[in-house]
Structure formats: C-alpha cells, structure tokens
Amino acid sequence: MPSSGHRLRDVEHHPLLTENDSYDSSSSSSSEADVADRVWFIRDGCGMICAVMTWLLVVYADFVVTFVMLLPSKDFWYSVVNGVIFNCLAVLALSSHLRTMLTDPGAVPKGNATKEYMESLQLKPGEVIYKCPKCCCIKPERAHHCSICKRCIRKMDHHCPWVNNCVGEKNQRFFVLFTMYIALSSVHALILCGLQFISCVRGQWTECSDFSPPITVILLIFLCLEGLLFFTFTAVMFGTQIHSICNDETEIERLKSEKPTWERRLRWEGMKSVFGGPPSLLWMNPFVGFRFRRLPTRPRKGGPEFSV
C-alpha cells in the first residue's frame with residue numbers, strides 16, 4: 001500500500017483482502033469479541049485421544065492408590081493423610097489440564113488483513129508489518145502459525161497433543177501448573193508404591209491388599225512404570241517452561257535462534273508476566289480467573305476450533 005507509506009511483508013505475496021473477498025470484516029469484530037465468552041476447543045483427533053488417555057491414566061493412578069494401597073491399610077491416619085494429598089494433587093492436575101485445553105492460547109483474529117484494518121493501525125511511514133498467508137491475519141510480534149490449530153498464536157511455545165492445544169501467551173501458566181502437579185503426584189505415587197511393596201514383603205500378601213497377590217503386583221508395577229514415565233516427561237517440561245519464562249524466550253524462538261527484537265522480561269519479571277502479580281499462593285491455583293462460559297446459540301463454521 002504505497003499510499004500509506006508502510007510495507008506489508010508477506011513471503012508468499014498474498015494480497016490484502018478486498019471488499020469483494022469472502023471475509024466479512026463487519027462481522028469479524030463481533031465474532032472475535034464474542035469468542036472471549038466461549039470455551040476454546042480444538043477438534044484434532046490425535047489431540048483428543050491424547051487428552052482422554054491423560055485423564056484415564058490419572059484416574060487409574062487414583063484407583064490404585066486409593067483402593068489397592070490406602071483403603072486396605074490398617075493405619076487410619078496414614079490412609080487419610082496420603083489419600084487427601086494424592087487426590088488434591090490429582091484434582092489440581094486435571095483442573096490445570098482442563099484450563100490449558102479450554103483456554104484460548106492467544107489466537108490472532110482470522111482475516112484481519114483488510115485495507116480498513118490496515119488504515120486503523122495508523123502505521124508510521126516505512127514501518128514493516130507481517131501477514132500470515134495461511135490464516136490471512138496481521139501477525140503481531142512473536143506470533144507463529146500453528147498448523148494444527150490453523151491459527152496464529154501469540155508467543156506460541158509449542159503445540160502439545162497431551163493437552164490438545166497450543167501453549168501460548170494466555171494459557172502457559174496453566175500448562176506449567178499441569179506439569180508441576182503431575183510430577184508431584186507421580187513422585188507421591190512412586191513413594192506409596194515403594195512403601196506398599198515393603199509392607200507386603202514383610203507381612204502377608206493376602207493381607208496387604210483386598211486384591212489377589214498377582215493382581216496387586218501387576219497393578220503396582222504398572223503404576224510404577226506410569227509414575228516413572230509421567231515424572232520424567234513432566235519434570236523435563238516443567239524445567240524447560242520455567243527456563244523459557246525466566247529468559248523470556250519461547251521454545252520456537254530458541255530452536256530457530258531468533259534474535260530478540262523485544263525488551264526481555266528476565267527472571268521474576270517474566271514469572272510475574274505469566275502468572276500475574278507478585279509471588280503468592282495464587283500462582284499455584286488453576287482456578288484463578290475461572291468463570292462459566294455461555295453456550296453458543298448456533299454452531300460456528302470456518303475453523304478447526306469450536307466453542308461449547
């Protein structure tokens with residue numbers, strides 16, 4: 001657009017949308033504002049299967065801990081204390097998983113690369129802006145296009161199939177909490193498994209569980225394997241996420257070795273920007289900011305995500 005004195009940089013040289021294109025700019029503002037009141041969900045087969053598997057594995061761990069190890073125990077307070085701790089960790093982990101999966105990670109509005117929108121930006125002469133040729137939007141700084149979500153995501157770190165969503169600007173906090181609570185619950189389950197094996201070996205296998213000894217051994221071994229795998233994966237992810245936040249650098253930016261053109265928020269400033277406010281116990285709460293979303297009056301079209 002030479003008349004306005006700025007340049008639109010587009011690798012694939014897709015033109016700006018015109019008034020005759022299929023995108024309706026008059027309805028976009030209301031639809032994008034309306035999406036804030038709806039639940040974000042990605043209709044990806046692999047992601048939905050992985051998300052369901054995550055829930056089933058957590059439920060399985062809770063079943064083994066509660067019904068195989070704690071309820072048959074003769075120590076009442078041992079069962080109560082460990083049962084409360086493990087179930088609280090499981091609830092917090094699954095709640096964080098839901099918040100990560102059902103929160104808009106920072107999607108850029110589709111099709112906003114219109115002449116009207118360009119004029120409203122009031123760009124300075126010679127200023128360069130970027131347009132995504134795949135979702136036809138003006139890409140903000142540090143935004144990247146996700147081929148699964150079919151959207152450009154602000155501060156996109158990566159797309160995680162286990163939460164069926166991208167990890168981006170608006171849901172990274174919940175993803176960090178999810179990995180932390182899964183890692184803690186895995187450690188707790190492994191400790192309980194070790195104590196259970198010791199108790200059964202010292203005593204009678206028929207008395208340490210309500211299940212038969214072979215079934216008990218199989219359930220405990222499978223839980224140990226699950227705990228080791230979950231702890232290894234989530235502990236590594238938790239560490240990389242904290243490292244990225246403290247260095248104000250997403251995983252994509254690190255892999256691409258992108259030179260920062262933004263003012264970095266290092267260490268505590270980065271943590272505050274992700275978790276919100278000064279350090280407090282609210283950082284550990286996945287329910288902060290939660291509110292019930294309203295149901296849509298009609299199904300939406302045009303993308304892989306929908307609202308419920």
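Biologist: Let's start with the cysteines. Which one has its sulfur closest to that of C149?
Modeller: Keep in mind that this is a predicted model. A disulfide needs the two sulfurs within 2.5 Å. Here they sit 3.6 Å apart, so they are too far for a bond. The closest cysteine sulfur to that of C149 belongs to C166.

Biologist: Is C149 buried or exposed?
Modeller: The cut-off for buried is under 20% relative accessible area. C149 comes out at 0%, so it counts as buried.

Biologist: How many disulfides turn up in the whole structure?
Modeller: The C149 and C166 sulfurs are too far apart for a bond. A search of the whole structure gives a count of zero.

Biologist: And C50, how far away is the nearest cysteine sulfur?
Modeller: C50 is in no disulfide either. It counts as buried, at 11% relative accessibility. Its nearest cysteine sulfur is that of C46, at 4.1 Å.

Biologist: On to the helices. How are α2 and α3 oriented to each other?
Modeller: Helix α2 spans residues 45–70, and α3 spans residues 76–101. Their axes come within 10 Å and cross at roughly 175°. Angles over 145 degrees fall in one class, so the pair is roughly antiparallel.

Biologist: How far is G83 from L71, C-alpha to C-alpha?
Modeller: G83 counts as buried, at 14% relative accessibility. In sequence, G83 and L71 are twelve residues apart. In space, their C-alpha atoms are separated by 8.9 Å.

Biologist: UniProt annotates residues 218–238 as a transmembrane region. How far apart are the end C-alpha atoms there?
Modeller: That annotation comes from an unreviewed entry, which also covers 48–70, 76–94 and 174–198. Residues 174–198 are 100% helix, with end C-alpha atoms 36 Å apart. Residues 218–238 are 100% helix as well, and their end C-alpha atoms are separated by 30 Å.

How values were computed: Residues numbered from 1 in each chain as written. Predicted model: local features only at pLDDT ≥ 70, side-chain atom pairs only at ≥ 80, totals over all residues. Heavy atoms only, no water. UniProt positions renumbered as here; feature names shortened; annotations may be inferred. Helix = DSSP H or I, 4+ residues; strand = E, 2+ residues; numbered from the N terminus. Buried < 20%, exposed > 50% of the residue type's maximum accessible area, 1.4 Å probe, protein only. Axes fitted to C-alpha atoms, helices over the stretch in contact; angles between N-to-C directions. Parallel < 35°, antiparallel > 145°, perpendicular 65-115°, else oblique.
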